[in-house]
Amino acid sequence: MPNVVFHRNGQTFHGEIKENTNLVVRAGIRQFPHPNFLYGCGMGKCGKCAALIIKGAEHLPEPNWKEKKRLGARIEAGYRLACQLWLTHDLELSQEATPLADVVAAGKVG
Ligand code: FES
C-alpha cells in the first residue's frame, strides 16, 4: 500500500493509503490527509489542490488536459492537481504556502 508524506503549514503528515486512491476523495470522507489537505472542486477546475510533488513523480501518469490548463508551465516546476491523481506508489508532496499555491488558491491564474 502506498505511503504518503504530506507537508503543509510547516508540519509533516504521514499516511498509508489503499492502492489506486485519490487524496482529495479521501479528504472528502475525512480520511488522511484530512483535515490538513487543501482542495475545492475535486474536478480539476479550481486549482486549490495544487501540490508540489517532492518524491514519486516518476510513478504518476502524464498530466491530463485539466492539469495542463490550470497549472500551465508550473507543471515543469513539479506541481500537479491532486484531485486528478490516483496513487499507486509512494508519494511525497507539499501544499506549503508558496507563492504559487497562494495565487492558485486565490483563483488568479488559469
Ligand atoms: S480540487 Fe479543484 S482542481 Fe483539484
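This is a short tour of the structure, one selection at a time.

**Start with the whole chain.** You are looking at a predicted model. Show it as a cartoon. The chain holds 3 helices and 5 strands. Follow the chain along its sequence, and the elements come as β-β-α-β-α-β-β-α. There are 110 residues, and 28% of them are buried. Now turn to contacts between residues at least 6 apart in sequence: 57% of these join residues at least 24 apart.

**Next, select the strands.** The 5 strands form an open sheet. Trace across the sheet in the order β2-β1-β5-β3-β4. The pairing is mixed. At the edges sit β2 (residues 11-16) and β4, and each of them pairs on one side only. Look along the sheet to see the twist, which averages 35° from one strand to the next.

**Zoom in on β5.** In the sheet order, β5 stands between β1 and β3. Take the β1 side to begin with. β1 and β5 run parallel, joined by 4 bridges. Select Val4 and look across to β5: its bridge partner there is Leu91. Now move to the other neighbour. β3 pairs with β5 in the antiparallel sense, over 3 bridges. Select Ile53, and you will find Leu93 as its bridge partner in β5.

**Stay on β5 and show side chains.** Which residues lie on the covered face of β5, and which on the uncovered one? Leu91 and Leu93 make up the covered face. Glu92 and Ser94 make up the uncovered face. So far, then, both bridge partners picked out in β5, Leu91 and Leu93, belong to the covered face.

**Now go to the core.** The largest nonpolar core has 20 residues. Select Val24, Tyr39, Cys49, Ala51 and Ala82, the residues with the most contacts inside this core. At least two core residues come from each of β1 (3-8), α1 (23-28), β3 (50-55), β4 (79-81) and β5 (91-94).

**Finish at Ala82.** Centre the view on this residue. What does Ala82 touch, leaving aside residues up to four places away in sequence? The contacts are Leu23, Val24, Tyr39, Cys49 and Ala51. Among them, Val24, Tyr39, Cys49 and Ala51 are, with Ala82 itself, the residues with the most contacts inside the core.

Terms used: Residues are numbered from 1 along each chain as its sequence is written. This is a predicted model: local features need pLDDT of at least 70, side-chain atom pairs count only at pLDDT 80 or more; totals for chains, interfaces and linings use all residues. A nonpolar core is a set of buried Ala, Val, Leu, Ile, Met, Phe, Trp, Tyr and Cys residues joined through C-beta atoms within 7 Å. A residue is buried if 20 or more other C-beta atoms lie within 10 Å of its own, exposed if 12 or fewer, and partly exposed in between; C-beta atoms are placed from the backbone. Two residues are in contact if their C-beta atoms, placed from the backbone, lie within 7 Å. Two strands pair if DSSP finds at least two bridges between them. Axes are lines fitted to C-alpha atoms, for helices over the stretch in contact, and angles run from 0 to 180 degrees between N-to-C directions.
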